[in-house]
Amino acid sequence: MTQQKIRLNRATVVDMAATIADADGIDAVTLSRIALDAGVKQPALYRHVTGIEELWTLLSLRARDLLVAELTTAIANTTRDSAVLAAAHAWRGFVQQHPGLYSATDRVPSVGDLDIELSLARVVAVLAQSLDGYKLSASQRAHCARTLRSALHGFCVLEKDEGHPEPYALDKSLTQLVELFCRGIETLEP
C-alpha cells in the first residue's frame, strides 16, 4: 500500500510541524520527517519554506498567535488578581496542550526579526491588559507585564521539561506565584 501524498502549502507544512512537535517534541520536527509524513520528497518542501530555521520561526509565530488568543479569552470580563490568575492558568494550559509548539518559541531569537518582535509585543500587550485594574503608570504596567511573562514562561517551561522535581502541588505553586506577583504590584500603586 502506497502512502497518499498530502497536497502541501505553507500552512499545511506548519500544521504538520506543529502536530509533530506536540506529539514527539520539537526536536522531532525535521524537514525529512515532514516530507515522509506528507508522502513527498524533501525538496518539495522548499517551495513552501526555505529551511528548518524558517519553519521554527513560523512555528514560534503560530505558538504566540494561539497563546495570545487563549490569554485574551481568559482575561475577558476579569480584573486585577482574577485577571492575572486567569492569564496564568491560560498560559499553563496552553503549554500543557501544545508542549512542542510552545518549545518553538525558544528556538528563534526574540530580536532581529520584525514578525517575532511583533508577536512578542502582542503577548506582552495582552498581559498588560490583565493589569488594567491596577493603578499603574504606563511604564509600570509595561515592566510588570514583562515580569509576568518571564515568570509564567519560566514556570511553564520548568513544568513542561520536568524541572519541578519537588513533590509539591504545582497548581498551588502557580497560584502562589500569582499571589506574590499581585501583592508586589499593589506596592507600586499610589
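**Stop one: the cysteine pair**

Select Cys-182 and then Cys-144: the sulfur of Cys-182 lies 9.9 Å from the closest cysteine sulfur, that of Cys-144, which is too far for a bond. A disulfide is taken here as a pair of cysteine sulfur atoms within 2.5 Å, and a search of the whole structure finds zero of them. Cys-182 is buried, with a relative accessible area of 1%, and Cys-144 also counts as buried, at 8% relative accessibility; buried means under 20% relative accessible area, exposed over 50%, and partly exposed in between, with a 1.4 Å probe and protein chains only.

Before moving on, note that this is a predicted model, in which local features need pLDDT of at least 70 and side-chain atom pairs count only at pLDDT 80 or more, while totals for chains, interfaces and linings use all residues. Residues are numbered from 1 along each chain as its sequence is written, and side-chain values use heavy atoms, with hydrogens and water left out.

**Stop two: the nonpolar core**

Now select Val-29, Leu-55, Leu-59 and Trp-91, which touch the most other members of the largest nonpolar core, a set of 61 residues. Such a core is a set of buried Ala, Val, Leu, Ile, Met, Phe, Trp, Tyr and Cys residues joined through side-chain atoms within 4.5 Å. The elements that give two or more residues to this core include α1 (10-24), α3 (52-75), α4 (80-97) and α7 (138-160), and the largest share, 11 residues, comes from α3. Helices are DSSP runs (H or I, at least four residues), numbered from the N terminus.

Centre the view on Trp-91 and show its contacts, meaning heavy atoms within 4.5 Å. Leaving aside neighbours within four places in sequence, the residues in contact with Trp-91 include Leu-67, Tyr-102, Val-123, Arg-149 and Cys-156.

**Stop three: Ser-60**

Ser-60 lies in helix α3 and counts as buried, at 0% relative accessibility. The side chain of Ser-60 makes a polar contact with that of Arg-64 at 2.8 Å; the term covers a pair of N or O atoms within 3.5 Å where, within protein, one must be able to donate a hydrogen and the other to accept it, and residues adjacent in sequence count only if both atoms are side-chain atoms. Not counting residues up to four places away in sequence, Ser-60 touches Ala-104, Thr-105, Val-108 and Ile-116.

**Stop four: salt bridges**

Which residue forms a salt bridge with Arg-10? Select Glu-54, where the closest N and O atoms of the pair are 2.5 Å apart; Arg-10 is in helix α1 and Glu-54 in helix α3, 44 residues apart. A salt bridge is a side-chain nitrogen of Lys or Arg within 4 Å of a carboxyl oxygen of Asp or Glu, and the whole structure holds 14.

Next select Asp-171 and Arg-92, whose side chains meet in a salt bridge (2.4 Å, N to O). Asp-171 lies in helix α8 and Arg-92 in helix α4, so this pair ties together parts that are 79 residues apart in sequence. Asp-171 counts as partly exposed at 49% relative accessibility, whereas Arg-92 is buried at 8%.

**Stop five: two backbone angles**

Finish with Arg-80, which is in helix α4 and has a positive phi of about 50° although it is not a glycine. Glu-162, in the loop between α7 and α8, likewise has a positive phi, near 55°, and counts as exposed at 71% relative accessibility.
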